[in-house]
Amino acid sequence: MQIITALSGISVVLSLLFVARQTRELTRQTRLNNRIGTLGSMHDSLEMLHEIQAIFTDRPELRPYFYGGKPCPRRGHRREMLVNIAEMLADTIDYGLMVVKLMPGTEEYEGWLNYALFMMQSSPALREHVDENPDWYLAYRRIIVRHSQHAAGQRGLAETHDSSL
């Protein structure tokens, strides 16, 4: 009887060790799958951005409207083209910002945030499109508001510091 009890105890311990090993392996596989998913999403974001960059390669005269602060014409064919590019760019940036926020392991991709803020400053066409359609770009609007509040706070601190001198 003692032999059966001892064998039962050993089999329970071995079963628990096997379950622990399987759990550890499942955790490793889950992390790996998350990384693969993250890489795929980041790749998609960059591919979308590169498609827009290709437009500027084919039509370099349009680049200043997005990277040089050149105002968008008020009417005409060129305006329609720029509004369309601004919409594609806003979609791309918003998607990239969502990926960085939602996907595990993307904290180091601060470049998306910096790029989004840079583009909002340097492109009147993009700024106008996002401002006219705030409900379409929730992630983009969220970082713009957060950055504006932070910048206003920094200005307030600087003004308080200057007035105390």
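Tutor: The largest nonpolar core has 33 residues, and Phe66, Leu89, Ile93, Met119 and Tyr140 have the most contacts inside it; such a core is a set of buried Ala, Val, Leu, Ile, Met, Phe, Trp, Tyr and Cys residues joined through side-chain atoms within 4.5 Å. Its largest share, ten residues, comes from H3, helices being DSSP runs (H or I, at least four residues) numbered from the N terminus. This is a predicted model, in which local features need pLDDT of at least 70, side-chain atom pairs count only at pLDDT 80 or more, and totals for chains, interfaces and linings use all residues. Residues are numbered from 1 along each chain as its sequence is written, and side-chain values use heavy atoms, without hydrogens and water.

Student: Why is the pair of Trp112 and Tyr115 called edge-to-face?
Tutor: Rings of Phe, Tyr and Trp (its six-membered ring) pair if their centres lie within 6.5 Å, and planes under 30 degrees apart count as stacked, over 60 as edge-to-face and the rest as tilted. The centres of Trp112 and Tyr115 are 6.5 Å apart and their planes stand at 85°, so the pair is edge-to-face.

Student: Why does Trp112 count as buried, and why does Phe118 count as partly exposed?
Tutor: Buried means under 20% relative accessible area, exposed over 50%, and partly exposed in between (1.4 Å probe, protein chains only). Trp112 has 5% relative accessibility and therefore counts as buried, whereas Phe118, at 38%, counts as partly exposed.

How values were computed:
Helix = DSSP H or I, 4+ residues; strand = E, 2+ residues; numbered from the N terminus.
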